[in-house]
Amino acid sequence: VKQIAQRAVKPKSMQNNPIPQLNQAAFSWLGSQSRHHSIKLNWTDTMIVAAQKIIPYILAIWTLSTGECYYAYSDRETLYTTQNPQIVAICCLLCLDIDCKNELINNLVEVGTGEGKSIIIAISAVVLALLDFDVYCACYSEYLSTRDEKNFNDLFILFGAQNHIQY
């Protein structure tokens, strides 16, 4: 796995970078859409299909980017992966689990302490940013918000989503 990952993701280089292709794919699935700023968000069938297609790629790239194979000078030998409950939570937050009648509705997902709220929020934010939404992530704790923004900033930059995601 480590050797495959090393070939798949070049450390800090943009050679064979899948991100521009992923961004292009997200926008091609969308067609031409304008920036979304309204409270009631139009969540089209095209966006839903695009979200379903890009989530696995975002998760794979996040996993690969957390390991030593991505960072040339890292001593980490562990790849972080999302767990099934985290993926279900992402799908619930993005209304991929119900017939939402083409509205991105407010959802509440209960996630216990240490069960991955940060990754759920970060991945959901990247998906929405790639679909041309502005995303505002809030937390009761300024410390946790700052920590999460710092921890996921490389991922946001990798996808070119950093200007659309605010903590």
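Helix packing and aromatic pairs

A: Helix 3 and helix 5 cross in a right-handed manner, where a crossing is left-handed if the near helix is turned anticlockwise from the far one by less than a right angle, and right-handed if clockwise. Helices (H or I, at least four residues) and strands (E, at least two) are DSSP runs, numbered from the N terminus.

Q: Before we go on, what kind of model is this?

A: This is a predicted model, in which local features need pLDDT of at least 70 and side-chain atom pairs count only at pLDDT 80 or more, while totals for chains, interfaces and linings use all residues. Residues are numbered from 1 along each chain as its sequence is written, and side-chain values use heavy atoms, with hydrogens and water left out.

Q: OK, back to helix 3 and helix 5: at what angle do their axes cross?

A: The axes of helix 3 (residues 45-65) and helix 5 cross at roughly 130° and come within 10 Å; axes here are lines fitted to C-alpha atoms, for helices over the stretch in contact, and angles run from 0 to 180 degrees between N-to-C directions. Helix 3 and helix 5 are therefore oblique to each other, given that angles under 35 degrees count as roughly parallel, over 145 as roughly antiparallel, 65 to 115 as roughly perpendicular and the rest as oblique.

Q: And which residues meet there?

A: From helix 3 there are A51, I54, I55, I58, L59 and W62, which meet I119, I123, V126, V127 and L130 of helix 5, with contact meaning heavy atoms within 4.5 Å. The residues of this contact between helix 3 and helix 5 divide into 11 nonpolar, no polar and no charged; Ala, Val, Leu, Ile, Met, Phe, Trp, Tyr, Cys and Pro count as nonpolar, Asp, Glu, Lys and Arg as charged, and the others, Gly among them, as polar.

Q: How do helix 4 and helix 5 pack?

A: Helix 4 and helix 5 have their axes 9 Å apart and pack at an angle of about 45°, which makes helix 4 oblique to helix 5. The crossing of helix 4 with helix 5 is right-handed. Q86, A89, I90 and L93 of helix 4 make the contact with I119, I120, I123 and S124 of helix 5, and the residues of that contact divide into 6 nonpolar, 2 polar and no charged.

Q: What does T82 touch?

A: Leaving aside neighbours within four places in sequence, T82 is in contact with L59, W62, I87 and I119. T82 is found in the loop between helix 3 and helix 4, and it counts as buried because its relative accessibility is 14%, where buried means under 20% relative accessible area, exposed over 50%, and partly exposed in between (1.4 Å probe, protein chains only).

Q: Switching to aromatics, how many pairs are there?

A: The count comes to 3 aromatic pairs, taking rings of Phe, Tyr and Trp (its six-membered ring) to pair if their centres lie within 6.5 Å, with planes under 30 degrees apart counted as stacked, over 60 as edge-to-face and the rest as tilted. One of them joins W43 and F133 in a tilted arrangement, at 6.0 Å centre to centre and 55° between the planes. This pair links distant parts of the chain, with W43 in the loop between strand 1 (41-42) and helix 3, and F133 in the loop between helix 5 and strand 3, 90 residues apart.

Q: Are W43 and F133 buried or exposed?

A: W43 counts as buried, at 0% relative accessibility, and F133 is buried too, with a relative accessible area of 3%.

Q: Which residues form the aromatic cluster?

A: The cluster is formed by F152, F156 and Y167. F156 counts as buried at 2% relative accessibility, whereas Y167, at 23%, counts as partly exposed.

Q: Last topic, where do C95 and D132 sit?

A: C95 is in the loop between helix 4 (84-93) and strand 2 (103-104), and D132 is in the loop between helix 5 (117-130) and strand 3 (135-136). C95 has a positive phi of about 60° although it is not a glycine, and D132, also not a glycine, has a positive phi of about 75°. C95 counts as buried at 2% relative accessibility, and D132 counts as buried at 13%.
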